Amino acid sequence: ALDHSVDIRVACQPVTRAIEALSPDEQFDLVFIDPPYADPGETVYSDLESLRHHIAPGGFVLIERSSRGDQPEWPVWLDREADKTYGETRVVLLSR
C-alpha cells in the first residue's frame with residue numbers, strides 16, 4: 001500500500017494540446033507518449049522539448065514508436081535508460 005496520495009491524469013489527445021492545458025509550474029514523474037507512427041522524428045523531438053519544464057527532476061518519459069520509422073535524436077536533457085523493439089513497435093524509456 002502507498003503511504004501517500006497519487007495523482008494520475010490521462011490525456012488522450014495530441015501532446016501539443018495536452019501541454020497547452022497545463023499550468024506553467026505543473027510537473028509529472030511519468031509521462032507516456034504514443035505519437036502516430038507516421039510522425040517524423042523532428043515532431044517527437046519538438047514534443048519532448050515542449051514537455052521539458054513539465055517533467056520533474058528524476059522523472060521518466062516512455063515513448064512508443066514504429067521500429068521501422070526514423071528514430072529521433074533525444075534532447076540532451078534526457079538520458080536513454082532503455083530501448084526495446086517488439087516486432088513493429090519500439091519502446092524507449094528516457095529519464096530526466
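Start at Arg-9. Its relative accessibility is 47%, so Arg-9 counts as partly exposed. Keep in mind throughout that this is a predicted model.

**Stop 1: Arg-9 and its partner**

Arg-9 and Glu-26 form a salt bridge, and their closest N and O atoms are 2.2 Å apart. Arg-9 sits in the segment before helix 1, while Glu-26 sits in the loop between helix 1 and strand 1 (28-33), so the pair ties together parts 17 residues apart in sequence. Now check the cover over Glu-26. Its relative accessibility is 18%, so Glu-26 counts as buried; the cut-off for buried is under 20%.

Side chains of opposite charge can pair when their charged atoms come close. How many salt bridges does a search of the whole structure find? The search finds five. Two further pairs come later in the tour.

**Stop 2: a nonpolar patch**

Stay in this part of the chain and select Val-6, Ile-8 and Val-10. These residues form a nonpolar patch on the surface. Together they have about 330 Å² of accessible area. Look at Val-6 by itself. Val-6 belongs to the segment before helix 1 (15-20). With 48% relative accessibility, Val-6 counts as partly exposed.

**Stop 3: the whole chain**

Zoom out and switch to a cartoon view. The protein has two helices and four strands. Starting at the N terminus, the order of elements is α-β-α-β-β-β. The radius of gyration is 14 Å, close to the 12 Å that the globule rule gives for 96 residues, so the protein is as compact as a globular protein of that length.

Turn the model to view its extent. The C-alpha atoms fill a box of roughly 40 × 30 × 25 Å along the principal axes. Show the surface next. Of the 96 residues, 31% are buried. Among contacts with a separation of 6 or more, 62% join residues 24 or more positions apart.

**Stop 4: the nonpolar core**

Hide the surface. Select Ile-33, Leu-48, Leu-51, Val-61, Ile-63, Trp-74 and Leu-94. These belong to the largest nonpolar core, which has 15 residues, and they touch the most other members. Which elements give two or more residues to this core? They are helix 1, strand 1, helix 2 (41-51), strand 2 and strand 4.

Center on Trp-74. Leave out residues up to four places away in sequence, and Trp-74 touches Val-44, Tyr-45, Leu-48, Ile-63, Arg-80, Arg-90, Val-92 and Leu-94. Two arginines are in that list, Arg-80 and Arg-90. Both return at the next stop.

**Stop 5: a charged network**

Select Arg-80, Asp-83 and Arg-90. A network of salt bridges links these residues. In the bridge between Arg-80 and Asp-83, the closest N and O atoms are 3.3 Å apart. Is Asp-83 buried or partly exposed? Asp-83 counts as partly exposed, because its relative accessibility is 29%.

**Stop 6**

Move to Glu-88 and Arg-68. They form a salt bridge, with the closest N and O atoms 2.7 Å apart. This pair links distant parts of the chain, 20 residues apart. Glu-88 is in the loop between strand 3 (79-86) and strand 4 (89-95), and Arg-68 is in the loop between strand 2 (55-66) and strand 3. Glu-88 is partly exposed, with a relative accessible area of 42%. Arg-68 is exposed, at 67%.

**Stop 7: Thr-89**

Step along to Thr-89, in strand 4. Thr-89 is buried, with a relative accessible area of 19%. Setting aside neighbours within four places in sequence, Thr-89 contacts Tyr-37, Glu-64, Arg-65, Ser-67 and Lys-84.

**Stop 8: Pro-35**

Finish at Pro-35, in the loop between strand 1 and helix 2. Pro-35 is buried, with a relative accessible area of 8%. Beyond residues up to four places away in sequence, Pro-35 touches Val-44, Ile-63, Glu-64 and Arg-65. Glu-64 and Arg-65 are also among the contacts of Thr-89.

Note on methods
Residues numbered from 1 in each chain as written. Predicted model: local features only at pLDDT ≥ 70, side-chain atom pairs only at ≥ 80, totals over all residues. Heavy atoms only, no water. Patch = residues over 30% accessible without salt bridge, like charges linked within 9 Å, V, L, I, M, F, W, Y side chains within 5 Å. Areas by Shrake-Rupley, 256 points an atom, 1.4 Å probe, with all protein chains shown as cover. Salt bridge = Lys/Arg side-chain N within 4 Å of Asp/Glu carboxyl O. Buried < 20%, exposed > 50% of the residue type's maximum accessible area, 1.4 Å probe, protein only. Rg over C-alpha atoms; globule rule 2.2 N^0.38 Å. Contact = heavy atoms within 4.5 Å. Core = buried A, V, L, I, M, F, W, Y, C linked by side-chain atoms within 4.5 Å.
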